[in-house]
Amino acid sequence: MERITIDVVSDVVCPWCYLGKARLELAIAEVQDEIGVDINWRPYRLNPDYPPEGVDQKKALEQKLGGAERVAQAHKMLTDFGRDVGINFDFEAIKVGPNTLDAHRLIHWAMVEDREKQDRVVNALFKANFEEGRNLGNHAVLLDIAEQAGLDRAVIASLLASDADRDLVIAEIEAAQKMGVTGVPFFIFDQQYAASGAQTPDVLAGALRDIAKAKAEARAGMN
């Protein structure tokens, strides 16, 4: 069985990234008998200039998208797409647009332990923001998520209170931008193939099959 590593560059306040995660999981389920997939979650910040306490989400979105009507249209489309993959978007519940640097630090610390914990943390962050309207800039929220994912609450609390890995996360985001990532989600397969945007499950499954086939052929050519 071929194994493929996917680096997913994403931000936990990006609805398309949440959608992309759900669609990727459907694609992986489709090919799981033939291909093994390992996922690494990589940081990106849509709003690096937000203050630590966050901003008024409604106001910020209306400024960004050009008014309440545009926001309503985008939310309706995303809600419909979300329903197809089991996401219950509740955009009305989101009051604070957070600075996500600490959430990305938490994702990094989860990955230091193992991929499964990282995936649990990423999933819980998306759900907390988009389905429960919880503020991802709030350390109490991050600590609850960390603990539920199997991380040590006290250890994470002391890390969050420090500047640990802040520069590392920012450097990783800058590296992605230098590589040409200007929007998320951005999928990098085996560090050599890339796909941008929340692709549909069939497109992602097709990409996984094509890459697995190319890897098998390359190996056969070496023998």
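Okay, let's start with W109: setting aside neighbours within four places in sequence, W109 is in contact with I156, L159, L160, A164 and D165, where contact means heavy atoms within 4.5 Å. Before I go on, this is a predicted model, so to speak: local features need pLDDT of at least 70, side-chain atom pairs count only at pLDDT 80 or more, and totals for chains, interfaces and linings use all residues. Residues are numbered from 1 along each chain as its sequence is written, and side-chain values use heavy atoms, with hydrogens and water left out.

Back to W109. It's found in helix α4, residues 101-113; helices (H or I, at least four residues) and strands (E, at least two) are DSSP runs, numbered from the N terminus. W109 is buried, at a relative accessible area of 7%; buried is under 20%, exposed over 50%, partly exposed in between, with a 1.4 Å probe and protein chains only. Its C-alpha sits 8.8 Å from that of L151, 42 residues away along the chain.

Now the sheet. We've got four strands in an open sheet, ordered β2-β1-β5-β6, with mixed pairing; two strands pair if DSSP finds at least two bridges between them. At the edges are β2 (35-43) and β6 (193-196), each pairing on one side only. Strands β5 (residues 186-189) and β6 run antiparallel, joined by four bridges, and I188 is opposite A194 in β6.

Last one: helix α5 (residues 115-130) lies across β1 (2-10) and β2, at about 60° to β2. Axes there are lines fitted to C-alpha atoms, for helices over the stretch in contact, and angles run from 0 to 180 degrees between N-to-C directions.
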